[in-house]
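Have the structure open and your selection tool ready. Let's walk through it one stop at a time.

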Amino acid sequence: MDKNFNYSNLKLGIIGGGQLGKIMSQKAKKMGFHVTILDPTFNCPAAQVSDKHIIGDFHDSKKLEQLVQESDVTTFELEHVDTTVLKELYDNGHNIHPSPYVIELIQNKYEQKKLLDKKGIPIPAYKNVKKDEDLSAFGFPVIQKVKLGGYDGKGVQILRIEADLDKALPTESFIEELVDIDKELAIIVARNIEGEIKCYPVVEMLFDERINICDIVLAPANISKEIEKKSIEIAIASVKALEGVGIFGVELFLTSQGEILVNEIAPRPHNSGHYTVEACATSQFEQMIRAVTNLPLGSTKLISPAVMINVLGEEGYEGEPFIHGIHDTLEIPELSFHFYGKTFTKPFRKMGHITVLDDDINKALEKAMKAKDILKIKGSKKI
Ligand SMILES: Nc1ncnc2c1ncn2[C@@H]1O[C@H](COP(=O)(O)OP(=O)(O)OP(=O)(O)O)[C@@H](O)[C@H]1O
Ligand SMILES: [Mg+2]
């Protein structure tokens, strides 16, 4: 769309109606845009805050086409979608960003690795698994990853010893050296249609070891200026290599030897960028919308240090969610509570998040940990 486009009635289509689509939709509504989402679940989080909900699967080519036809610009909150019809529509001049070609490449973690490798981006050693013996090619321990469909640690398997080969995932996969990780870092990078690039601060992700889900995000990361500079350079180079338009969550490993390696790239707002809603001049969600609608990118300035904690469904429960401890939690100063509006909880499901600001990041962390202790999402049924 060109600069004379009338933004007062822009129709934005979002593929996916989870929490990322929800906050994206809220930011789009702030800018007065009309939002249609495509998601298979009635009353999903984004449906609660958008103008229109096309109920359909991400592999339903008719519904995908309907969304694109009805929208001035279509974007994504998730990458696991059928790109066939989207590529056709894109080739016929429809505005779809990031392009379905970029989405298709990122969907396949192995192809993604190959491209980054080809472009000289530092990544862990990896190898395609064509036959069973390939799983042992790096010795043990080793990481096995499925090529397609993995998220939140599903599709990542650590094989510690040879006997663990029994536990190997029986789908198309590749192996990766087990990196000796000092810190897991992430950077949100925005790139708009004109190729303008802006980076958010480098953040540190802490993981819940039981489930491999990113649990806590510290913004900014406690790293040296040198590591920060190197991380930003690598993240920008990665997004340039993809030539994508939108927001990209670049996940990095800082190794014990002080090396920076790219783990993977998400072509959409990322969990590690939730803090930007309260802590940055422009949130990652608004930034995505600016990028895909050919508007200038906003400032990525960090206004305050922040800590973000995912609020996961409590273990041992499922069903209709009940929020325990909300009153005591909201007594904590500079705390912002997000509940996604999912109508069903189960153990470790991402149900919401909190962001805590403080001039002193250690104090922000203290307050966030206190909230984590108090706030529980339990389901109506014990399991
Ligand atoms: N090569 C590796 N060496 C050591 N640890 C690794 C390696 N690859 C992945 N991990 C660990 O597993 C986690 C999940 O891996 P990855 O990001 O590839 O999977 P995912 O399913 O896409 O997860 P998410 O959706 O949370 O990003 C990483 O954040 C890291 O903690
Ligand atoms: Mg990951």
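**First stop: the core**

Select Val203, Val217, Val250, Leu252, Ala306, Val307 and Val356: among the 90 residues of the largest nonpolar core, these touch the most other members. Such a core is a set of buried Ala, Val, Leu, Ile, Met, Phe, Trp, Tyr and Cys residues joined through C-beta atoms within 7 Å, and buried means that 20 or more other C-beta atoms, placed from the backbone, lie within 10 Å of a residue's own. Domain 1 (7-96) and domain 3 (181-382) both contribute residues, so this core lies between them; the domain bounds come from an automatic or database assignment. Apart from it lies another core, of six residues, including Val129, Leu135, Val142 and Phe174.

This is a predicted model, in which local features need pLDDT of at least 70, side-chain atom pairs count only at pLDDT 80 or more, and totals for chains, interfaces and linings use all residues. Residues are numbered from 1 along each chain as its sequence is written, with chains lettered from A and ligands numbered from 1 in the order written.

**Next stop: ligand 1**

Now select ligand 1 and the 22 residues around it; Pro124, Gly150, Tyr151, Glu176 and Val179 come nearest (near means a C-beta atom, placed from the backbone, within 6 Å). Which domains give residues to this shell? Domain 2 (125-177) and domain 3 (181-382) both do, so the ligand lies between them.

**Last stop: the whole chain**

Zoom out: of the 383 residues of the protein chain, 44% count as buried. Its C-alpha trace spans about 60 × 55 × 45 Å along the principal axes.

Notes: Buried ≥ 20, exposed ≤ 12 C-beta atoms within 10 Å, placed from the backbone.
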